[in-house]
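This report goes through selected side-chain features of one protein model. Please have the sequence and the structure open while reading.

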Amino acid sequence: MAAVKKTVRKRASSRASKAQKLKFDNVLVVSAHPDDPDFGAGGSIAKLVKDGSRVTYVIVTDGSQGGEDPKQKDSDLVAIREKEQKAAARVLGVKKVEFLGYKDGHLSPDLKLRHDIVRMIRKYKPELVITHTPGRVLDAPMGGSHPDHLAVGEATMAAVYPDSRNPRAFRSLLKEGLQPHEVKEVWLPFWTSGDHLVDITTTLDQKIAALRKHKSQIAKPGRVWDFEKFMRKRHGEVGKRGGYRYAESFKRITV
């Protein structure tokens, strides 16, 4: 039995190690809310940037429902969260953040959303797209299956295939000079059970520093949350699967 367990660990480590050799010139991270890319994949994003990738964030909603005070003006919270997201992106080395401005909490994976995501894919021409899981994950905390996450995940998957590569889809984009583009891979952050591990041992501190920029989200009134302890515990558990101190877990899809 010990020999079997050792073999399984060795295979998992080999698979994860092989994954680290992947190289991407352009990466597009499509997320529902400000803070989602950093919480879901911040360590991997920092690693991609260090490996030479140009990473762009696309934040779909305005983040206006991400607060606890019903008296706070939406416009004020939107401005705060946009500023926080730009600051967090800089910590990870991400230089470009696009805000699509959809109303927080009101998303559906309709043609309009698909169109706007296709525009981003054709504009930035990523080999890799990182986005939300398009289906509810029942063995993970409820927050990961926010309805906006599900909508963005489904719309982005449809934008990757077939929309972004199809010249007959959203033909008005051709008039904007945005030619069809084929994405090579999609990574979907999974709580702990993804089949693709990224070693973030050297970038976890950077991820935590980026998350600290989202003060409106990690310091809720009346709520005590040691998010750094939570992150180290979570990513430590994931890392054990691949023989790493800390790791992030994804479902990797080759398009």
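The sections below cover salt bridges, a charged patch and one serine in a predicted model.

## Salt bridges

A search of the whole structure gives 15 salt bridges. One of them joins the side chains of lysine 86 and glutamate 82 at 3.3 Å, N to O. Both residues belong to helix H3 (residues 74-92) and sit four residues apart, about one turn of the helix. Lysine 86 is partly exposed at 36% relative accessibility, and glutamate 82 is partly exposed at 29%.

Glutamate 98 and lysine 123 form another salt bridge, at 2.8 Å, N to O. This pair links distant parts of the chain, with glutamate 98 in strand S3 (residues 96-102) and lysine 123 in helix H4 (residues 111-124), 25 residues apart. Glutamate 98 counts as buried because its relative accessibility is 14%, under the 20% cut-off. Lysine 123 is partly exposed, at 43%.

## A salt-bridge network

The side chains of glutamate 176 and arginine 119 meet at 2.8 Å, N to O, in a salt bridge. Glutamate 176 is in the loop between H6 and strand S5 (185-189) and arginine 119 is in helix H4, so the pair ties together parts 57 residues apart in sequence. Through shared partners, salt bridges join Lys112, Asp116, Arg119 and Glu176 into one network.

## Positive patch

Lys83, Arg90, Lys213 and Lys215 form a positive surface patch. Lysine 215 lies in helix H8 (residues 215-218) and is exposed, at 60% relative accessibility.

## Serine 164

Serine 164 is located in the loop between helix H5 (147-160) and helix H6 (172-175). Serine 164 counts as buried because its relative accessibility is 0%. Beyond its neighbours up to four places away in sequence, serine 164 touches Val118, Ile121, Arg122, Ala159, Pro180 and His181.

Technical notes:
Residues are numbered from 1 along each chain as its sequence is written. This is a predicted model: local features need pLDDT of at least 70, side-chain atom pairs count only at pLDDT 80 or more; totals for chains, interfaces and linings use all residues. Side-chain values use heavy atoms; hydrogens and water are left out. Helices (H or I, at least four residues) and strands (E, at least two) are DSSP runs, numbered from the N terminus. Buried means under 20% relative accessible area, exposed over 50%, partly exposed in between (1.4 Å probe, protein chains only). Contact means heavy atoms within 4.5 Å. Patches are made of residues with over 30% relative accessible area and no salt bridge: like charges are joined within 9 Å, nonpolar side chains (Val, Leu, Ile, Met, Phe, Trp, Tyr) within 5 Å. Accessible areas come from the Shrake-Rupley method with a 1.4 Å probe; for residues, only the protein chains shown count as cover. A salt bridge is a side-chain nitrogen of Lys or Arg within 4 Å of a carboxyl oxygen of Asp or Glu. Lys and Arg count as positive and Asp and Glu as negative; His and the chain ends are not counted. The place of a charge is taken as NZ of Lys, CZ of Arg, CG of Asp or CD of Glu.
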